[in-house]
Amino acid sequence: MPLFGKKDSGKKIRKDVKDGCDKMPSIDDKYVIKELLGTGAFSEVRLCEHKETAQQYAVKIIDKKALKGKEDSLENEIRVLKRFSARRSDGSGVQTTGPPIGGPRFAHPNIVQLLETFEDKSKVYLIMELVTGGELFDRIVEKGSYTERDASNLIRQVLEAVDYMHEQGVVHRDLKPENLLYYSPAEDSKIMISDFGLSKMEDSGFMATACGTPGYVAPEVLAQKPYGKAVDVWSIGVISYILLCGYPPFYDENDANLFAQILKGEFEFDSPYWDEISDSAKDFIRNLMCVNVERRFTCKQALAHPWISGNAASSKNIHGTVSEQLKKNFAKSRWKQAYHAATVIRQMQRMALSSGGSGTGSSGGAYGRSSSRISNAPADGTGTGTGEERPAGQTDTTASSSK
């Protein structure tokens, strides 16, 4: 559906974005907008307070002019979030999506909620659930103790939320640590999935658009094959790997080499970093990061694995090793822009044509600070990495190539 700057776009954006919400003339009639929380490529996020209830929320403020040409992404994000934000039946058998504050929802506790939307001539406002606990990696580094069981509990929450999304016909397509946030600063805080800008409703069964974040994207996306929900499971496998050692399973300073690694599905459980990690955890990761989509676990199968549902996860403290590697290999990354894999594929093809695929890195080469960045991607002001050395003293103990 066309949005800004097109004929009847005002009517259409109001129908699509505000469907089921109070048709208030202005956000200022209902909320007080407060201090800045973060910024993105096309938006900023501020604290806001509901005038009647004094409840605090986050408001994502999107500049229409900056978004020009990318309206579909916003429209898609709103459409997906609205699917997770519908209110329960009022008893008459009719589901309603009216004023969201105070009402029960068809929502998952680990998915950040969209509450209301507003629009004026220059901006679109998304009133979101306020999440204050910080990013996943930051919290792990700050913890005094961290075990496989902690990692298993985190991944269980992600799997449950993604399984719910898949049941609703939605594929996230950009699962990565930056999109996993703690709900509150509490020690036992739940984890929340955010950023649905690349999500897609899987109405047709398969998708073909190459998108995602380098390092977390599934092989079938890079191979430009039709794909489905299994791409999210692959990404959860990558996240699980990082949570247990502090560095990514696939990395190379040369984009073509990086994607070649992912396409083959070849990764290693390096010594000494994986020596104390249970065989069950390694088996779990192999089943998620399986190149063969037919053999790759579904979310439900992953939830039934002993490392998640049983007592197979070790209680040994691995905080020292994991936090050290996280600090070396991942920069602070709040409000990062996701880079579409389609762009990287084009870059890879150009490099292959111009240099025959040779690069500066090699298998087991230097690690950048974030596998979610690509070295020649458009900069967003946060830097691209420092080229940290691969963990010192490494010897390869277990090579995995899940086909």
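The model is predicted.

Strand 1 and strand 2 pair in the antiparallel sense, over six bridges. The two strands form a hairpin, with three residues between them. Within this pairing, Leu36 has Arg46 of strand 2 as its bridge partner.

Strand 2 also pairs with strand 3. Seven bridges join these two strands, and they run antiparallel. Their hairpin has five residues between the strands, and Ala54 takes a positive phi near 65 degrees there. In this pairing, Val45 stands opposite Lys60 of strand 3.

In a regular strand, side chains alternate between the two faces of the sheet.

Lys34 pairs with Glu49, and their closest N and O atoms are 3.0 Å apart. Lys34 lies in strand 1 (residues 31-39) and Glu49 in strand 2 (residues 43-50), so the pair ties together parts that are 15 residues apart in sequence. Lys34 is partly exposed, at 30% relative accessible area. Glu49 is partly exposed too, at 22%.

Which residue does UniProt list for "binding site"? The unreviewed entry lists Lys60. Lys60 is found in strand 3 (residues 56-63).

Is Lys60 buried or partly exposed? Lys60 has a relative accessible area of 21%, so it counts as partly exposed, because buried means under 20%.

Which residues does Lys60 contact, leaving aside neighbours within four places in sequence? They are Ser43, Glu44, Val45, Glu77, Val124, Tyr125 and Leu126. Another, Glu77, is one of the buried residues of helix 3.

## Helix 3

Helix 3 spans residues 71-84 and has 14 residues. From its first C-alpha to its last it reaches 21 Å, close to the 20 Å expected at 1.5 Å a residue.

## Glu119 in strand 4

Glu119 sits in strand 4 (residues 114-119). Glu119 counts as buried, at 8% relative accessibility. The side chain of Glu119 makes a polar contact with the side chain of Lys64, at 2.6 Å.

## Salt bridges

Side chains of opposite charge can pair when their charged atoms come close. How many salt bridges does the model hold? The count comes to twelve. Three of them are set out here.

| Pair | N to O distance |
|---|---|
| Lys34 and Glu49 | 3.0 Å |
| Asp163 and Lys300 | 3.0 Å |
| Lys176 and Asp174 | 3.7 Å |

Lys176 and Asp174 are both on the buried side of the cut-off. Lys176 counts as buried at 2% relative accessibility, and Asp174 is buried at 4%. Elsewhere, salt bridges that share partners join Asp163, Glu167 and Lys300 into one network.

The side chains of Asp163 and Lys300 meet at 3.0 Å, N to O. This pair links distant parts of the chain: Asp163 is in helix 5 (residues 148-167), Lys300 is in helix 10 (residues 299-303), and the two are 137 residues apart. Asp163 is buried, with a relative accessible area of 14%. Lys300 is partly exposed, at 45%.

An open sheet of three strands has the order 6-8-9, with antiparallel pairing. Which strands lie at its edges? They are strand 6 (134-135) and strand 9 (191-193), and each pairs on one side only. Strand 8 (residues 180-182) is joined to strand 9 by three bridges. In that pairing, Tyr182 stands opposite Ile191 of strand 9.

## Pro248 in a loop

Where does Pro248 lie? Pro248 is in the loop between helix 7 (230-245) and helix 8 (255-264). Pro248 is buried, with a relative accessible area of 2%. Pro248 and Gln325 are 77 residues apart in sequence, and their C-alpha atoms are 9.9 Å apart in space.

Terms used: Residues are numbered from 1 along each chain as its sequence is written. This is a predicted model: local features need pLDDT of at least 70, side-chain atom pairs count only at pLDDT 80 or more; totals for chains, interfaces and linings use all residues. Side-chain values use heavy atoms; hydrogens and water are left out. Helices (H or I, at least four residues) and strands (E, at least two) are DSSP runs, numbered from the N terminus. The expected span of a helix is 1.5 Å times one less than its number of residues. Buried means under 20% relative accessible area, exposed over 50%, partly exposed in between (1.4 Å probe, protein chains only). UniProt positions are given in the numbering used here, feature names are shortened, and annotations may be inferred rather than shown by experiment. Contact means heavy atoms within 4.5 Å. A polar contact is a pair of N or O atoms within 3.5 Å; within protein, one must be able to donate a hydrogen and the other to accept it, and residues adjacent in sequence count only if both atoms are side-chain atoms. A salt bridge is a side-chain nitrogen of Lys or Arg within 4 Å of a carboxyl oxygen of Asp or Glu. Two strands pair if DSSP finds at least two bridges between them.
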